[in-house]
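Please read the points below with the sequence and the model at hand.

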Amino acid sequence: MVSQIRKNKENTVSKILEDLKNSSAVFLLDLKGMNVKESVELRDRIRETSSKLRIVKNTLLGIALDQINKKSLVEDLLFGPTAVLFVQGDISAAAKVLKASLKEFEKGTIKGGFIENKTLSAIEIEALADIPPKEVLLSKVLYLLQSPLSRFAGVLGAVPRDFIYAMQALKDKKEAS
């Protein structure tokens, strides 16, 4: 019986480790007060961002984090009930869904998290939600790159046009005198 419990815990730690290794960011949450329907809805929304939401025991999460030398990043957050958002897709999209869902349900809080070796506060995670989607950022960069080129092309086009206007004015002046 004891060895079965130990084996289950080891399996859970290995699953957490796998999720940690496949994640670009990890957010820790307290979903206290959220009912089953709301937590299932949150999981479904999170899944759409190619991420995973799991409720884990702090001790098992701590063991997994310790094995990859990241426990010190969130050690002070491993208290009370903890849900872990393993972000495996767009970090901003996951943060956006998380922030909107917690606001809609009016339950649960963001404890903090980390990206690579950088600890994130709850405020920083919420700020990630305010970053525009990848497509919008790419279109802005493209506009910024295109804008000087189009202005340069306009200047180049103006040189012959202005030359023609000057020649026409000179011709008109000669004809008038």
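1. Confidence. The model is a predicted one. Across the protein chain the mean pLDDT is 85, and 88% of the residues reach 70 or more. Confidence is highest in strand E1 (residues 25-30), with a mean of 94, and lowest in helix H7 (residues 134-176), with a mean of 72.

2. The surroundings of strand E3. Strand E3 (residues 82-87) is joined to E1 by 5 bridges, and the two run antiparallel. E3 also pairs with strand E2 (residues 52-56), again in the antiparallel sense and over 5 bridges.

3. Burial of E3. Are the residues of strand E3 buried or exposed? The strand is mostly covered, with 6 of its 6 residues buried. Thr 82, Val 84 and Phe 86 point one way from E3, while Ala 83, Leu 85 and Val 87 point the other way; all are buried.

4. Packing of H5 and H6. Two packed helices are described by the angle between their axes and the distance between the axes. For helix H5 (residues 91-105) and helix H6 (residues 122-129), the angle is about 105 degrees and the axes are 7 Å apart. Angles of 65 to 115 degrees count as roughly perpendicular, and H5 and H6 are therefore roughly perpendicular to each other. On the H5 side the contact is made by Ile 91, Ser 92, Ala 95, Lys 96 and Lys 99, and on the H6 side by Ile 125, Glu 126, Leu 128 and Ala 129. By class, this contact has 5 nonpolar, 1 polar and 3 charged residues.

5. Two residues with positive phi. Most residues other than glycine have a negative phi. Ser 50 has a positive value, near 65 degrees, and is placed in the loop between helix H2 (36-47) and E2. Asn 69 likewise has a positive phi, of about 60 degrees, although it is not a glycine; this residue lies in the loop between helix H3 (58-67) and helix H4 (71-74).

6. Ser 50 is partly exposed, at a relative accessible area of 46%. Asn 69 has a relative accessible area of 65% and is exposed.

Terms used:
Residues numbered from 1 in each chain as written. Predicted model: local features only at pLDDT ≥ 70, side-chain atom pairs only at ≥ 80, totals over all residues. Heavy atoms only, no water. Axes fitted to C-alpha atoms, helices over the stretch in contact; angles between N-to-C directions. Helix = DSSP H or I, 4+ residues; strand = E, 2+ residues; numbered from the N terminus. Parallel < 35°, antiparallel > 145°, perpendicular 65-115°, else oblique. Contact = heavy atoms within 4.5 Å. Nonpolar A, V, L, I, M, F, W, Y, C, P; charged D, E, K, R; others polar. pLDDT = per-residue confidence, 0-100. Buried < 20%, exposed > 50% of the residue type's maximum accessible area, 1.4 Å probe, protein only. Pairing = 2+ DSSP bridges.
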